[in-house]
Amino acid sequence: MATTSALPSPSPSECPSGPASPSPAAGAAPVAGATVARPGPLLRVLGDTHALGRRLPQLVVGLALYGGSMGLMLRSGLGLDPWDVFHQGLQGSFGLSVGAWVTICGALVLLLWIPLRQLPGVGTVANVLLIGAAMDLTLRFVGTPGALPVRIALMVTAIVLNGVATGLYIGARLGPGPRDGLMTGLHRRTGGSLRLIRTGIELVVLAVGVLLGGTAGVGTVAYALAIGPLAQFFLPWFTVPTAEQAGRAGKAGKRGPGA
């Protein structure tokens with residue numbers, strides 16, 4: 001599965017590696033001996049509970065669309081993103097479906113969060129469970145077209161849909177995907193460049209995937225060039241504001257332009 005570079009999110013990321021602890025009100029002096037209230041389990045997992053009626057369905061739609069776009073990309077036969085080259089290579093070498101390897105690798109990468117002290121969110125777990133299943137479902141119903149123009153159109157459609165899906169699932173603010181979280185966790189723990197860490201990981205999985213028989217091609221290059229700008233374009237459309245941001249917007253609307 002593909003990853004996205006650090007985004008306000010909105011991902012792949014970027015996304016917060018874990019919910020932030022509440023801070024005291026500005027200007028409030030700490031009280032000696034006072035016990036700071038710890039966030040409850042729900043708040044630690046969700047980050048915040050604002051607009052969950054929108055965020056949870058948006059997360060599911062985004063992840064389903066992400067997996068579907070990956071399936072379309074594979075059916076185009078013109079090359080995959082680095083992680084999917086790796087997943088396809090694993091399928092060709094060891095069996096199972098590509099979607100199954102997406103799920104297995106996502107779970108294994110999530111285990112690497114433990115030494116990095118990363119806290120997964122609901123979106124992180126949903127990412128592992130839903131994307132591979134959506135990819136396999138798409139592959140079951142969509143065949144590989146024979147005509148090159150149709151394959152090119154399928155590749156372009158897949159890349160654009162992947163950008164929309166990235167904006168949706170990251171904009172839900174329910175946690176980064178396991179691969180994005182691995183990169184941001186390594187960045188936080190080592191102090192290394194996020195761009196270099198991401199590039200290094202993706203070059204490794206791409207090389208291993210090609211050696212295992214995965215398909216790299218023009219689609220791989222097109223995806224690498226287009227997904228960042230597409231995600232940044234769609235992210236503002238789908239990012240759900242925090243309760244604080246929504247409150248400020250509501251107050252500004254009540255005051256009106258002439259206030």
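Is glycine 163 buried or exposed? Glycine 163 is buried, and its relative accessible area comes out at 0%. Keep in mind that this is a predicted model.

## The overall picture

Let's zoom out for a moment. The protein has 11 helices and zero strands, so the pattern read along the sequence is simply α-α-α-α-α-α-α-α-α-α-α. Of its 259 residues, 43% are buried.

## Around glycine 163

Back to that glycine. Take Phe234 as an example: 71 residues separate glycine 163 from phenylalanine 234 in sequence, yet their C-alpha atoms are 6.9 Å apart in space.

## How α7 meets α10

Those contacts belong to a helix pair. Two packed helices are described by the angle between their axes and the distance between the axes. Helix α7 covers residues 148-171 and helix α10 covers residues 218-238; their axes come within 7 Å of each other and cross at roughly 40°.

Which residues do the meeting? On the α7 side the list includes Met155, Ile159, Val160, Gly163, Val164, Gly167, Leu168 and Ile170. From α10 come, among them, Val218, Ala222, Tyr223, Ala226, Ile227, Leu230, Phe234 and Phe238. Sorted by class, the residues of this contact are 16 nonpolar and six polar, with no charged ones.

Now for another pair. Helix α2, residues 52-76, has 25 residues. From its first C-alpha to its last it reaches 36 Å, close to the 36 Å expected at 1.5 Å a residue. Just after α2 comes glycine 77, with a positive phi of about 70°.

The partner here is helix α6, made of residues 122-141. The axes of α2 and α6 come within 7 Å and cross at roughly 40°, so these two helices are oblique to each other. α2 passes α6 in a right-handed crossing. The contact of α2 with α6 contains 16 nonpolar residues, six polar and one charged.

## Two loop residues with positive phi

Most residues other than glycine have a negative phi. Here are two residues worth a look on that score. Alanine 51 is not a glycine, but its phi is positive at about 60°. It lies in the loop between α1 (41-46) and α2. With a relative accessible area of 30%, alanine 51 is partly exposed.

Arginine 173 also has a positive phi, near 60°, in a residue other than glycine. Where is arginine 173 found? Its place is the loop between α7 and α8 (178-190). Buried means under 20% relative accessible area, and arginine 173, at 17%, is therefore buried.

Note on methods. Residues numbered from 1 in each chain as written. Predicted model: local features only at pLDDT ≥ 70, side-chain atom pairs only at ≥ 80, totals over all residues. Heavy atoms only, no water. Axes fitted to C-alpha atoms, helices over the stretch in contact; angles between N-to-C directions. Helix = DSSP H or I, 4+ residues; strand = E, 2+ residues; numbered from the N terminus. Contact = heavy atoms within 4.5 Å. Nonpolar A, V, L, I, M, F, W, Y, C, P; charged D, E, K, R; others polar. Expected span 1.5 Å × (residues − 1). Buried < 20%, exposed > 50% of the residue type's maximum accessible area, 1.4 Å probe, protein only. Parallel < 35°, antiparallel > 145°, perpendicular 65-115°, else oblique. Left-handed = near helix turned anticlockwise from the far one by under 90°.
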